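User: I am new to this structure and would like a friendly walk through it. Could we take it one question at a time?

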Amino acid sequence: MPGELSQRDGNMAYQAVTRAFVEGDPLDQAGGPLDVRVVVAGIRAEAKDGYLFEEVPWDRFPEGGSVRESMERLLSGEAVRTSLARLVGLCANDMRAAVALAVPFLIRIGTDPEADHRAEAIAVTAEAARMQHQGVCTRADMLRFRGDDEWFFEVTGYVQNWSVQAARDAIAADSDLLLPLLDDPDPEVRIAAAYALAAASTREENILRGFHARLLAEHEPAVRAGLVLAIAQLALAHQDARTVVWMRSCWSDAARPPEVRVSAALGWMCLTDLPVSDELRALLDEFATDEMARLMAPLPWMRAAEDTGSDGLRRCLRIMLHPGTPGAPCPADHWDDPWS
C-alpha cells in the first residue's frame with residue numbers, strides 16, 4: 001500500500017506540473033505552491049536542523065517521493081552511495097525541482113563530521129544549483145549561470161530556472177555552514193564546498209573573502225586550482241569587476257604556482273571577451289601540460305567540461321583558444337604547435 005500511494009502521488013505531481021507549466025502559463029505559478037523557490041525558502045530553520053522531512057511538501061514535485069526516500073536513507077546511513085547517485089541522476093536528467101527541496105538537508109549532512117560521503121552530499125547541492133550541460137566549455141558559457149532572460153524547462157515541463165534558483169538561494173542562506181568547510185581536513189570536502197559556494201545567489205562578498213583567505217593558506221595544488229575557478233564563477237555571476245583585474249594579475253605573476261596561473265587564465269578568459277594575448281598563450285603553452293590536466297581532472301568544473309575521461313582542461317583550451325575549429329590543437333595534443 002505505501003508503494004502504491006507513493007506512485008499515485010508521484011503521478012499526480014507530474015500531472016499537476018503538466019497542467020500548470022505545459023498547458024498553462026508558468027508565470028501564473030510564480031509565488032504559489034508550485035514555485036519551488038518559495039517552498040525551499042519557507043522551510044523552517046528548525047525543520048532543516050532537525051531533518052523534519054515531514055514538513056516538506058515533496059509530493060508537489062515530480063520524483064519528490066523518491067528524493068524524500070533518498071534523504072531518509074542518507075540520514076539513516078543506509079545505501080548512501082545509491083541514494084546520492086539517485087539524486088545526481090535526477091540532476092543529470094534535468095529533474096532538479098525535488099532535489100532543490102533537499103539542498104538544505106544535504107548541506108547539513110555535509111557539515112556533519114560523523115556523516116559518510118560528506119563531499120558527495122555537498123557536491124549534489126552544487127549540481128542542483130547548475131543547469132549547465134556536459135561538455136560546455138566556451139568562454140561565454142563555461143562558468144555562466146543563465147538568468148531569467150532565457151527560460152529552460154525540465155523534462156517534466158517544470159521551469160528549470162526556478163529549480164536552480166531555489167538551490168542557489170538555499171546555498172546562500174546556509175553559506176555560514178559551508179564556509180568553515182573550506183578549512184576542512186579533507187581536500188575533497190574543501191573542493192566540494194568551493195563548488196557549492198560558487199553557486200550562491202547572494203552573500204558574494206563574504207564568500208569571496210573566504211575563498212581568497214583559503215587560497216592563501218591552501219597547500220594542495222588541486223584545491224588551489226578549484227578555489228581560483230570558484231572565485232571566477234562567483235565573480236562572473238555577480239559581475240565583480242575587481243576579480244577580472246585580480247585574475248589578470250594572478251596568471252601573469254611568475255611567483256604563483258602553475259595550477260593557480262592556469263586556473264586564473266581560464267577564469268580570466270571566461271570573465272572577459274578581450275583577445276588572448278601572446279603572453280597568455282605562452283603561459284598556457286608552458287604550464288597546461290598533461291600533468292596539469294591530470295591534476296585538474298577531478299575538479300567538478302573540469303568534469304563538467306570534459307567530453308571523454310579527463311580531457312576537461314584540453315577541451316577548454318582547445319575551444320577557448322581556437323573557437324569554431326573542431327579538433328584544433330591544444331598542448332596535450334601537440335607540444336610542438338605553439339598555439340598558433
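Analyst: Here is a set of questions and answers about this model, which is a predicted one.

User: Let's start with L229. Where is L229 placed, and is L229 buried or exposed?

Analyst: L229 has its place in helix α12, which covers residues 221–237. Its relative accessibility is 0%, and buried means under 20%. L229 therefore counts as buried.

User: Which residues is L229 in contact with, leaving aside its neighbours within four places in sequence?

Analyst: Contact here means heavy atoms within 4.5 Å. With the neighbours within four places in sequence left aside, the residues in contact with L229 are L143, S263, L266, M296, L299, W301 and M302.

User: How many Å apart in space are L229 and Y195, C-alpha to C-alpha?

Analyst: In sequence, L229 and Y195 are 34 residues apart. In space, their C-alpha atoms are apart by 8.6 Å.

User: How many aromatic pairs are there, and what kind of pair do Y195 and W301 form?

Analyst: The count comes to 13 aromatic pairs. For Y195 and W301, the ring centres are 4.8 Å apart and the planes stand at 80°. An angle over 60 degrees counts as edge-to-face, so the pair of Y195 and W301 is edge-to-face.

User: Why does the pair of Y195 and W301 tie together parts that are apart in sequence?

Analyst: Y195 lies in helix α10 (residues 187–197), while W301 lies in helix α17 (residues 300–305). The pair therefore ties together parts of the chain whose separation in sequence is 106 residues.

User: Are Y195 and W301 buried or exposed?

Analyst: Y195 has a relative accessible area of 2%, so Y195 is buried. W301 has a relative accessibility of 4%, so W301 counts as buried.

User: What about W251 and W268: what is the angle between the planes, and which helices do they lie in?

Analyst: W251 and W268 form an edge-to-face aromatic pair, 6.1 Å centre to centre, with 70° between the planes. The pair ties together parts that are 17 residues apart in sequence, because W251 lies in helix α13 and W268 in helix α14.

User: Which residues form one aromatic cluster, and which nonpolar patch is on the surface?

Analyst: One aromatic cluster is formed by F21, F61, W151, F153, Y158 and W162. W151 lies in the loop between α7 and α8, and with a relative accessible area of 33% W151 is partly exposed. The nonpolar patch on the surface, with about 300 Å² of accessible area together, is formed by L27, W151 and F153.

User: Where is T156, and how many Å from its side chain does the backbone nitrogen of Y158 lie?

Analyst: T156 has its place in the loop between α7 and α8. T156 is buried, because its relative accessible area is 9%. From a polar atom of the T156 side chain, the backbone nitrogen of Y158 lies 3.3 Å away.

User: Is D240 buried or exposed, and which side chain does a polar contact join to D240?

Analyst: D240 lies in the loop between α12 and α13. At 13% relative accessibility, D240 counts as buried. A polar contact of 2.6 Å joins its side chain to that of T243.

User: How many salt bridges are there, and which residue does R224 form one with?

Analyst: A search of the whole structure finds 21 salt bridges. R224 takes part in one of them, with the closest N and O atoms 2.7 Å apart, and its partner is E259. This pair links distant parts of the chain, R224 in helix α12 and E259 in helix α14, 35 residues apart. Both are buried: R224 and E259.

User: Are D183 and R214 buried or exposed, and which residues share one network with them?

Analyst: D183 and R214 meet through their side chains in a salt bridge of 2.9 Å, N to O. D183 is exposed, with a relative accessible area of 52%, whereas R214 is buried at 14%. Salt bridges that share partners join D183 and R214 into one network with R190 and E218.

Definitions and conventions. Residues numbered from 1 in each chain as written. Heavy atoms only, no water. Helix = DSSP H or I, 4+ residues; strand = E, 2+ residues; numbered from the N terminus. Buried < 20%, exposed > 50% of the residue type's maximum accessible area, 1.4 Å probe, protein only. Polar contact = N/O pair within 3.5 Å; in protein donor to acceptor, adjacent residues only side chain to side chain. Patch = residues over 30% accessible without salt bridge, like charges linked within 9 Å, V, L, I, M, F, W, Y side chains within 5 Å. Areas by Shrake-Rupley, 256 points an atom, 1.4 Å probe, with all protein chains shown as cover. Salt bridge = Lys/Arg side-chain N within 4 Å of Asp/Glu carboxyl O. Phe/Tyr/Trp six-rings, centres within 6.5 Å; stacked < 30°, edge-to-face > 60°.
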